[in-house]
Amino acid sequence: MAGPFAEQFMTRLQEIERTGDVEPLAALFADDAESSNLAHHDPTRGPDGTRRFWREYLNAFGKVRSKFHHVTETDTTAVLEWVSDGELP
């Protein structure tokens, strides 16, 4: 079941997909956050890395829309599974 953090993440991911502005989603991440992508060897780190990670995600598509299928959240962990449908730039 989705809790408040997972709900915010889902809402903001879909928002950045519509607007292209990564700031609303990046604001959810801690200053020491690490984000990784299997296509890159090293994770991005910190606020600038988080912004770069999500900009690169958006830039991979001309249009993209994510649909969430399985969401579980506890006090300390959230697991979200989703499928993104998109068009190449």
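**A chat about a predicted fold**

Visitor: Which pattern does the protein follow along the sequence?
Guide: Reading along the sequence gives α-α-β-β-α-β-β. Helices (H or I, at least four residues) and strands (E, at least two) are DSSP runs here, numbered from the N terminus. This is a predicted model, in which local features need pLDDT of at least 70, side-chain atom pairs count only at pLDDT 80 or more, and totals for chains, interfaces and linings use all residues. Residues are numbered from 1 along each chain as its sequence is written, and side-chain values use heavy atoms, with hydrogens and water left out.

Visitor: How much of the protein is buried?
Guide: Buried residues make up 31% of the 89 residues. Buried means under 20% relative accessible area, exposed over 50%, and partly exposed in between (1.4 Å probe, protein chains only).

Visitor: Let's switch to α3. What span should it have?
Guide: Helix α3 covers residues 46–59, and its 14 residues should span 20 Å at 1.5 Å a residue; the end C-alpha atoms are 20 Å apart, which agrees. The expected span is 1.5 Å times one less than the number of residues.

Visitor: Which residues of α3 are buried?
Guide: G46, G49, T50, F53, W54, Y57 and L58. An α-helix has 3.6 residues a turn, so residues three or four places apart point the same way.

Visitor: What do those buried residues pack against?
Guide: The buried residues of α3 pack against α1 (4–19), α2 (23–26), β1 (34–35), β2 (44–45), β3 (63–73) and β4 (78–87). Contact means heavy atoms within 4.5 Å.

Visitor: Over in α1, is L13 buried or exposed?
Guide: L13, in helix α1, is buried, with a relative accessible area of 0%. Not counting residues up to four places away in sequence, L13 touches L25, W54, Y57, S66, F68 and W82. The C-alpha atoms of L13 and S66 are separated by 7.8 Å, though the two are 53 residues apart along the chain.

Visitor: What about Q14, buried or exposed?
Guide: Q14 is also found in α1 and is buried, with a relative accessible area of 19%. Leaving aside neighbours within four places in sequence, Q14 is in contact with R65, S66 and F68.
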